[in-house]
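Here are my notes for you, written as numbered points. Keep the structure open beside them and look up each place as you go.

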Amino acid sequence: CAFEPAGEFAALWQTYKGQLGCPLTATPKLIQDAEQAFETGHMFWRDDNRYIYVVYEQGAQAGTYLVFEDEWEEGDSAYSCVATAPAGRVQPERGFGLVWCKLGGPAAAIGWGLEEEAGYWEGKGDPLVHDFGSGVILRDSAGTVSGMAYVFFGSTGTFVHEAY
């Protein structure tokens with residue numbers, strides 16, 4: 001690598017540098033994101049590159065993730081497929097909803113939303129990312145308090161959620 005990463009995720013990179021590859025920048029960057037909890041995982045949207053991460057934390061696909069380009073545009077219908085959420089659950093909307101519908105809607109392995117999506121930015125949750133040649137480290141809004149980050153391995157479609 002031309003340089004080693006500095007900042008919050010340097011120790012995680014040391015642990016996983018074989019899977020992550022070289023850093024694309026010297027330090028992580030604060031981003032704006034949207035987040036939504038689901039029955040078996042989470043979805044995260046990055047404003048800086050318009051990627052949506054579908055993260056499976058439970059069930060048959062636990063420990064894996066998928067990445068989609070956000071194809072939803074202002075003016076599109078908020079709901080991309082017809083569905084009726086069961087009591088205590090919500091149908092995802094906008095970009096998350098479009099991805100959810102592509103994954104099977106009500107039959108999607110990630111399940112129904114547990115709450116509406118929420119946005120975060122610097123000063124509100126402080127989401128942080130560091131991009132690498134073969135992966136990404138993401139601290140979601142809860143990670144600021146818990147000290148946990150997601151390490152996404154691009155070559156395998158797997159992840160770990162660990163202290164940084």
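1. Let's begin with the running order. Read along the sequence, the chain goes α-β-β-β-β-β-α-β-β-β-α-β-β. That makes three helices and ten strands. Helices here are DSSP runs of H or I with at least four residues, strands are runs of E with at least two, and both are numbered from the N terminus.

2. A word on the source before we go on. This is a predicted model, where local features need pLDDT of at least 70 and side-chain atom pairs count only at pLDDT 80 or more, while totals for chains, interfaces and linings use all residues. Residues are numbered from 1 along each chain as its sequence is written, and side-chain values use heavy atoms, with hydrogens and water left out.

3. Now the overall build. The C-alpha trace spans about 50 × 35 × 30 Å along its principal axes.

4. What share of the residues counts as buried? It's 41% of the 164. Buried means under 20% relative accessible area, exposed means over 50%, and partly exposed is in between (1.4 Å probe, protein chains only).

5. Contacts next, meaning heavy atoms within 4.5 Å. Among contacts between residues at least 6 apart in sequence, 50% join residues at least 24 apart.

6. On to charges: the chain has 9 positive and 23 negative side chains, and the centres of the two sets lie 2 Å apart. Lys and Arg count as positive and Asp and Glu as negative, with His and the chain ends not counted. Each charge is placed at NZ of Lys, CZ of Arg, CG of Asp or CD of Glu.

7. Have a look at helix α2, residues 94-102. Seven of its nine residues are buried, so the helix is largely enclosed by the rest of the structure. Among the buried ones are Phe96, Leu98 and Trp100. What do the buried residues of α2 pack against? They pack against β2 (33-37), β3 (41-46), β4 (51-56) and β5 (64-69). Just after α2, Gly104 takes a positive phi of about 120°.

8. Strand β9 (residues 148-153) is mostly covered too, with five of its six residues buried. Strand β8 (residues 135-139) runs antiparallel to β9, joined by four bridges, and Ile137 stands opposite Val151. Strand β10 (residues 158-163) is also antiparallel to β9, with six bridges, and there Phe152 stands opposite Phe159. Two strands pair if DSSP finds at least two bridges between them. β9 and β10 form a hairpin with four residues between them, and Gly157 in that turn has a positive phi of about 70°.

9. Val129 sits in strand β7 (residues 128-132) and is buried, at a relative accessible area of 1%. Leaving out residues up to four places away in sequence, Val129 touches several residues, including Phe9, Pro28, Ile31 and Ile137. Glu8 is 121 residues away from Val129 along the chain, yet their C-alpha atoms are separated by 9.9 Å. Gly119, in strand β6 (residues 118-120), is partly exposed at 27%.
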